[in-house]
Each structure stands twice: as structure tokens, then as C-alpha cells.
Amino acid sequence: MLLTTGCGSSHESGEDAKAGASVPAGFPVTIDNCGVRTAYDRPPSRVVTIHQHPAELMLALGLKDRLVGTAFPDSAVLPELKKDYESVPELAEREPSFETVLDAEPDLVYGGYGSAFDEKEGRSREAFADAGIDTHLNREYCGEKRVTMKDTYDEIRTIGTLFGVPDRADELVADLEGRVGKAAGKVEGEPEVPVFVYDSGDKSAFTAGGKSLGTELLRLAGGENVFTDLDDVFGDVSWEQVVERKPEVIAIYDYAGAGSVEEKKEFLLSQPALSDVPAVRNKRFVVLPLTATLVGIRSAYAVEDLARGLHPESFR
């Protein structure tokens with residue numbers, strides 16, 4: 001990611017341009033994002049977010065007035081953001097069509113997953129550029145193949161710069177770092193609990209690998225991903241491997257379209273091959289919304305939730 005200030009221009013649209021609103025300090029600004037370089041003369045004023053976590057990030061930065069649409073809610077919204085989130089028009093239950101996005105007349109489309117800009121669906125970043133609309137993709141999908149909390153903080157600061165609210169971004173990062181530090185401090189010195197992440201799957205298990213943000217969240221919470229040696233963000237493993245690694249806790253990722261948490265628990269508890277796995281035998285599960293394991297504001301909250309589940313005695 002590269003931020004520079006200097007000459008450059010993106011199209012002007014939205015209320016700021018119409019009203020000739022003053023341009024915040026720091027503009028024009030140029031942002032390199034996943035190989036796409038965009039120059040902004042002023043902050044975007046009409047934004048469509050595709051996926052929940054970029055919308056929550058913007059709302060946490062006090063940018064509700066810039067949002068003209070969102071799409072694809074994954075899970076329950078953070079309580080403190082629920083009212084604002086529900087005030088934003090939902091364009092589609094999943095990714096909206098290119099035409100639906102155009103109808104909202106955005107000057108920026110901010111995507112959470114790489115699928116936001118699926119070329120096969122006609123939503124490529126090039127297609128939006130041809131329509132005079134800028135795009136930004138969550139850095140998790142910029143091809144680095146390793147995701148950390150630093151990515152979360154960097155994403156927040158980038159969005160703060162893009163919208164001319166860097167001070168708000170710094171305050172939000174400081175708050176989230178404080179949350180993580182407090183939770184991690186509670187379990188400091190405790191033995192690491194072996195954890196298996198269950199995303200989905202029946203013939204095999206789709207799990208979080210060593211390069212996932214989930215693995216770092218577990219480490220900060222006093223746990224250890226039993227598949228930290230899986231050299232990817234996500235991947236498939238066999239149930240025999242799960243049995244061999246003897247996890248003491250299973251972290252279930254909860255999101256729409258992959259079966260409910262109860263269905264996942266019932267599946268795990270009903271498999272004879274898993275009956276001697278300590279986590280299954282003792283019915284030790286922790287649940288995380290998938291949005292809490294992505295680059296966005298939820299990851300900091302997830303550390304405390306995980307720490308409480310892995311080391312409940314440290315929070316009594």
C-alpha cells in the first residue's frame with residue numbers, strides 16, 4: 001500500500017462535488033491498492049460497500065453519511081453499529097449485480113472479499129473504472145498470502161486517509177490495540193490450548209491455515225491452531241489429521257450459507273471417528289462470526305471472545 005499526496009484526479013461526483021465543499025488537508029492523495037493506483041482530489045462521498053466488514057469499518061470511523069448502499073451481510077452486526085448499519089440500503093443479500101451497483105450512483109465501491117470484483121460476473125475493477133467509479137479492495141485480498149493484525153490496523157488507517165479522517169482512524173486503531181492488549185494480558189503465561197478451526201465440510205474439514213488471521217487471533221488469546229503448519233490462509237484437511245492432533249477446543253466459524261452453528265456442532269458430535277477427540281468428548285466449542293476473523297474492526301473483539309472461551313478461569 002502506498003499513500004502519496006500530489007497532483008492527480010479522480011472523477012468528482014456526490015454531494016461534496018456538487019456543493020463545492022472544502023477539501024480536507026492531505027488532498028489530493030494517491031493510493032496504491034492491490035495493484036490499482038487511484039488519485040483522489042477529494043474524499044469519496046457516495047460509497048457502496050460489498051460485504052459486511054468494510055461497511056462496519058466505515059461506520060466505526062463515523063462515515064455513515066458517505067454510505068449509499070451495502071450488500072452481503074455475513075452475521076449479526078456489532079450492537080453499537082446496528083442502528084447505523086440498518087439505515088444503509090441493502091442492495092442484495094449476496095454480491096449485487098454490476099447494474100444494481102450503478103443504480104446507486106456511487107463514486108467508490110469498497111469490496112471486502114475478492115469476489116466483490118468478480119470479472120466473470122461483470123464486476124471487475126476495470127469495468128467500474130470504465131464507468132467512472134473508483135474501487136478499493138480490502139488488503140486481505142492483495143495476494144500477500146499472510147494476514148495479521150497489522151493488516152487490520154493498516155486498512156483502518158488507509159480508509160481514514162482516503163476519507164480525510166486520519167485522526168479518527170488513529171483513535172480507532174488505538175482503541176482496538178487496547179482491546180487486544182487487555183485480553184492478551186489476561187491470559188499471558190497460561191499454557192496454550194490446542195484449537196481446531198472448523199469452517200465447514202463433511203468429507204474433509206475446511207480449516208484455517210497458518211497464514212490466516214484466525215491463527216494470530218488464537219495465539220493472542222492463548223491458543224494454538226493445530227493446523228498452523230498448513231501453509232495457506234485456508235485449506236482442506238482430513239478428519240484423520242484432526243483426530244491425530246487432539247484439539248482441546250473447536251472454534252466454529254459462523255456465517256450465512258454454511259449451516260448453522262448448531263448443525264455444525266451436531267455433525268461433529270455425531271461422528272464416531274471424532275468421539276475420542278478431547279474437544280468433542282468434552283463438548284468444548286467456541287463460536288466466532290466469520291466477520292470477526294477478517295481484516296476489519298471485529299478481529300480485535302474476537303481476541304477477547306476467544307480468550308474467554310479458551311481460558312475462562314482468567315476472567316473470573
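What radius of gyration would a compact globule of 316 residues have, and what value does the chain have? A compact globule with this number of residues would have a radius of gyration near 20 Å, and the chain has 21 Å, which agrees. The model is a predicted one. Along its principal axes, the C-alpha trace spans about 65 × 40 × 35 Å. The chain contains 12 helices and 14 strands.

Confidence comes next. The mean pLDDT of the chain is 91, and 93% of its residues reach 70 or more. Residues 1-20, by contrast, have pLDDT below 50.

Two details of the backbone may then be located. The peptide bond from Phe27 to Pro28 is cis, with omega near 0 degrees. Pro28 lies in the loop that runs between helix 1 (14-19) and strand 2 (29-33). The second detail concerns Phe72, a residue other than glycine whose phi is positive, near 60 degrees. Phe72 is placed in the loop between strand 5 (67-71) and helix 3 (82-86).

The packing of helices can be followed through helix 7. Two packed helices are described by the angle between their axes and the distance between the axes. The axes of helix 6 (residues 149-162) and helix 7 come within 7 Å and cross at roughly 160 degrees. Because angles over 145 degrees count as roughly antiparallel, helix 6 is roughly antiparallel to helix 7. The crossing of this pair is right-handed. On the side of helix 6, the residues in contact are Met149, Tyr153, Ile156, Arg157 and Gly160. They meet Pro166, Ala169, Asp170, Leu172, Val173, Leu176, Glu177 and Val180 of helix 7. By class, this contact comprises 9 nonpolar, 1 polar and 3 charged residues.

Helix 7 (residues 166-186) also packs with helix 12 (residues 298-310), where the axes come within 8 Å and cross at roughly 15 degrees. Since angles under 35 degrees count as roughly parallel, helix 7 is roughly parallel to helix 12. The crossing of helix 7 and helix 12 is left-handed. From helix 7, Leu176, Arg179, Val180 and Ala183 take part in the contact. Their partners in helix 12 are Ala300, Tyr301, Val303, Glu304 and Ala307. The contact of helix 7 with helix 12 has 7 nonpolar, no polar and 2 charged residues.

Methods. Residues numbered from 1 in each chain as written. Predicted model: local features only at pLDDT ≥ 70, side-chain atom pairs only at ≥ 80, totals over all residues. Heavy atoms only, no water. pLDDT = per-residue confidence, 0-100. Contact = heavy atoms within 4.5 Å. Axes fitted to C-alpha atoms, helices over the stretch in contact; angles between N-to-C directions. Helix = DSSP H or I, 4+ residues; strand = E, 2+ residues; numbered from the N terminus. Parallel < 35°, antiparallel > 145°, perpendicular 65-115°, else oblique. Left-handed = near helix turned anticlockwise from the far one by under 90°. Nonpolar A, V, L, I, M, F, W, Y, C, P; charged D, E, K, R; others polar. Rg over C-alpha atoms; globule rule 2.2 N^0.38 Å.
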